[in-house]
Amino acid sequence: MAKYTKQDRKTLIGWFPNLKNDSNFKITSDCTPAYNCIGWALGMNDVWVGLDHPTNFSWSWWPSSVPCNSKKESLVKLFEYFGFSKCRNSCIEENYDKVALFANSAGWTHAARVVSNTELHSKIGTAWDIYHSKDNIFTESDYGSIYMYMFRPIADRYITDLKRPSLGKVFTKSFSAAQRL
């Protein structure tokens, strides 16, 4: 069970002011640098999937067969690597996982799980997992906006398990659970 405070909520609203009036906003996890939004959207809550880990921990992972850069196409190729395909919208389809990919003018920035026609489940950097509305939460200066939706059959979740890195390949620096917080 997530243990968070009113101050945690205020911190998130400070980062993303549009959350203040979002009726779907809810914190759903404790803070952890063990995974990021990309890993979370792919179904991994123990892998930082991205260009660089933003803390002093020297671990992150990206499949070697996918171009590793900030271009929006690279993030699309990453999700394709894990069995996702482009789709037209966020409408929930029975037996499918959907994700929303975000970008700003600098390139891709974020990915979130689509949990309803109006709601997303995101991991915010090294901080919390949150539920939030899909529209007008982020700004150009942070995560920007949704540029693509992708989906895959729920039955294909095993692809993530098959292609995910082993922990030995991900963590290049050891640290205790206390250091992770």
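Biologist: How many aromatic pairs does the count come to?
Modeller: It comes to 11 aromatic pairs. Keep in mind that this is a predicted model.

Biologist: Okay, give me one. What sort of pair do F138 and Y143 form?
Modeller: F138 and Y143 are edge-to-face, with 4.9 Å centre to centre and 70° between the planes. The edge-to-face label applies because the angle is over 60 degrees.

Biologist: Are those two buried or exposed?
Modeller: F138 is buried, at a relative accessible area of 9%. Y143 is buried too, at 15%. Both count as buried because the cut-off is under 20%.

Biologist: Switching to charges over rings. What lies over F151?
Modeller: That's K98, over the face of F151 at 5.9 Å from the ring centre.

Biologist: And which ring does R113 sit over?
Modeller: The ring of W40, with the charged end of R113 3.5 Å from its centre.

Biologist: Now the core. Which residues touch the most other members of the largest nonpolar core?
Modeller: I38, L78, F79 and L101, out of 22 residues in that core. The elements giving two or more residues to this core are α2 (37-42), α3 (72-81), β3 (96-104), β4 (107-114) and β7 (145-153).

Biologist: What follows α3?
Modeller: G83 does, with a positive phi near 90°.

Biologist: Last one, M150. Where is M150 placed?
Modeller: M150 is in strand β7, and M150 counts as buried at 0% relative accessibility.

Biologist: How far apart are M150 and K98?
Modeller: They are 52 residues apart in sequence and 5.6 Å apart in space, C-alpha to C-alpha. K98 is also among the residues that M150 touches, not counting those up to four places away in sequence. That list includes V76 and F79, along with F84, C87 and L101.

Notes. Residues numbered from 1 in each chain as written. Predicted model: local features only at pLDDT ≥ 70, side-chain atom pairs only at ≥ 80, totals over all residues. Heavy atoms only, no water. Phe/Tyr/Trp six-rings, centres within 6.5 Å; stacked < 30°, edge-to-face > 60°. Buried < 20%, exposed > 50% of the residue type's maximum accessible area, 1.4 Å probe, protein only. Lys NZ or Arg CZ within 6 Å of the ring centre and 35° of its normal. Core = buried A, V, L, I, M, F, W, Y, C linked by side-chain atoms within 4.5 Å. Helix = DSSP H or I, 4+ residues; strand = E, 2+ residues; numbered from the N terminus. Contact = heavy atoms within 4.5 Å.
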